[in-house]
Amino acid sequence: MIPGVGTAVNVATVLVGALLGRLLGNRLPVRTRDLVTDALGLVTLLIAATSALAVLDADLAAKVGDSAPMLIVLGSLLLGGILGSLLRLEDRVESLGRWLQRRLSATSDSVERQRFVEGFVVSSLIFCTGPLTILGSLNDGLGNGADQLFLKATLDGFAAIAFAASFGWGVAASALTVLVVQGGLTLVGLGLGDVLPEAELAAITATGGLLLVGVALRLLKIREIPVADLLPALLVAPGLVWAVAQLA
C-alpha cells in the first residue's frame, strides 16, 4: 500500500463528517449541541485515561526502572510546556484558526468567529494528539500498512459530525492540521526505517493521554488549558526515556 493513503482517508472522513455535522447542527437547538460537546468531552476523558495508563507499561519500567516512568511524563510535560510557551504555540494555532476563518467564512460576527476558532483548535488537538496519530502515521510511513489510520479515520469521522454540529466549519478546517501532522509523521516513518522501541512509544502514549485530559477539560468548560503549548512534550518524552536509560 502506498504510504500516505491512511492520512488521505483520514482527511476525507473529517471533511465529510464536518459537512454532515454542519447540516445536522442547523437543525439542533443550542442546548442539544452543548450536550453533544459535553458527551464528547467525557468520551475524550475516557480515551485519555486509557492512553495515560501506558505509564505502567512493562517495557517502559524495564528500561528506566519502576519509579522513573511517572517522573519522565512529568518532566516531558514541564519541559515541553516551557518550550511550547516560549514558542507561543497556542497563540499560533489560534491565529491560524482566525486566519482560516477569515478566508473560509464570510461572516464577521465575533461569536461565530470564536466558535470557528474553538472548533478548529479543539478538533485539531483531538485529531492529532492521540497515540493512533503517532503510531499509525509512523507505521504507514514504514510500510507496515495503514490499518491503524483507517481505524482512526472512522473514529474522527464520527467525532467530526458531533463537533461540527456544535462548532461549525472550524472542524472542517482541522483537516488541514491532520494533513500536515500525519503527513509529516508519515515522512518521518519513511526516514526511520524501523519502529521506535516499545518503551519510547509507551512514554509518548502516556504523555499524549495527559494532553487529551487537557482537551477534555476544555470541552467540559472546566478549565482552558493551553494544550497546544504542551505539544512539544510528545517529542521530549522519548528523549527523556533514552537519557534515563543511559543513567540506569
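**Entry 1: helix H12**

I began with the buried residues of H12 and listed Ala233, Leu234, Val236, Ala237, Pro238, Val241 and Ala245, where buried stands for under 20% relative accessible area, exposed for over 50% and partly exposed for what lies in between, using a 1.4 Å probe and protein chains only. The model is a predicted one, in which local features need pLDDT of at least 70 and side-chain atom pairs count only at pLDDT 80 or more, while totals for chains, interfaces and linings use all residues. I note also that residues are numbered from 1 along each chain as its sequence is written, and that side-chain values use heavy atoms, with hydrogens and water left out.

For helix numbering I follow the DSSP runs, counted from the N terminus, with helices being H or I runs of at least four residues and strands being E runs of at least two. I then checked the span of H12 (residues 233-247): its 15 residues should span 21 Å at 1.5 Å a residue, and the end C-alpha atoms are 21 Å apart, which agrees. The expected span is 1.5 Å times one less than the number of residues in the helix.

**Entry 2: helix H8 and the residue after it**

I made the span check on H8 (residues 147-167), where 21 residues at 1.5 Å each should span 30 Å, and I found the end C-alpha atoms 29 Å apart, in agreement. Just after H8 comes Gly168, for which I noted a positive phi of about 90 degrees.

**Entry 3: H6 against H8**

I looked up how H6 and H8 are placed, and their axes come within 11 Å and cross at roughly 160 degrees; the axes are lines fitted to C-alpha atoms, for helices over the stretch in contact, and the angles run from 0 to 180 degrees between N-to-C directions. H6 is therefore roughly antiparallel to H8, given that angles over 145 degrees count as roughly antiparallel, those under 35 as roughly parallel, 65 to 115 as roughly perpendicular and the rest as oblique. The crossing of H6 and H8 is right-handed, a term used if the near helix is turned clockwise from the far one by less than a right angle, with left-handed used if the turn is anticlockwise.

On the H6 side I listed Arg115, Phe116, Glu118, Gly119, Val122, Ser123, Ile126 and Phe127, and on the H8 side Lys152, Asp156, Ala159, Ala160, Phe163, Ser166 and Phe167, contact meaning heavy atoms within 4.5 Å. By class, the contact of H6 with H8 has eight nonpolar, three polar and four charged residues; Ala, Val, Leu, Ile, Met, Phe, Trp, Tyr, Cys and Pro count as nonpolar, Asp, Glu, Lys and Arg as charged, and the others, Gly among them, as polar.

I then took up Ser123, which is found in H6 (residues 110-128) and counts as buried because its relative accessibility is 0%. Leaving aside neighbours within four places in sequence, Ser123 is in contact with Phe163, Val171 and Ser174.

**Entry 4: H10 and its two partners**

I turned to H6 and H10, whose axes come within 10 Å and cross at roughly 150 degrees, which makes H6 roughly antiparallel to H10. This crossing of H6 and H10 is left-handed. Glu118, Val121, Val122, Leu125 and Ile126 of H6 meet Leu212, Val215, Arg218 and Leu219 of H10, and I recorded the classes of this contact as seven nonpolar, no polar and two charged residues.

I also examined H4 (residues 68-87) with H10 (residues 198-219), which pack at an angle of about 55 degrees with their axes 10 Å apart, so H4 and H10 are oblique to each other. Their crossing is right-handed. Val73, Ser76 and Leu77 of H4 make the contact with Ala206, Thr207, Leu210 and Leu211 of H10, and by class I recorded five nonpolar, two polar and no charged residues.

I noted Arg88, a residue other than glycine with phi near 55 degrees, in the loop between H4 and H5 (89-104); Arg88 counts as partly exposed at 49% relative accessibility. Lys221, also not a glycine, has a positive phi of about 60 degrees and lies in the loop between H10 and H11 (227-230), where Lys221 counts as exposed at 59% relative accessibility.

**Entry 5: Gly4**

Last I looked up Gly4, in the segment before H1 (5-25), and found Gly4 partly exposed with a relative accessible area of 25%. The C-alpha atoms of Gly4 and Gly183 are separated by 6.6 Å, although the two residues are 179 residues apart along the chain. Not counting residues up to four places away in sequence, Gly4 touches Asp140 and Thr186.
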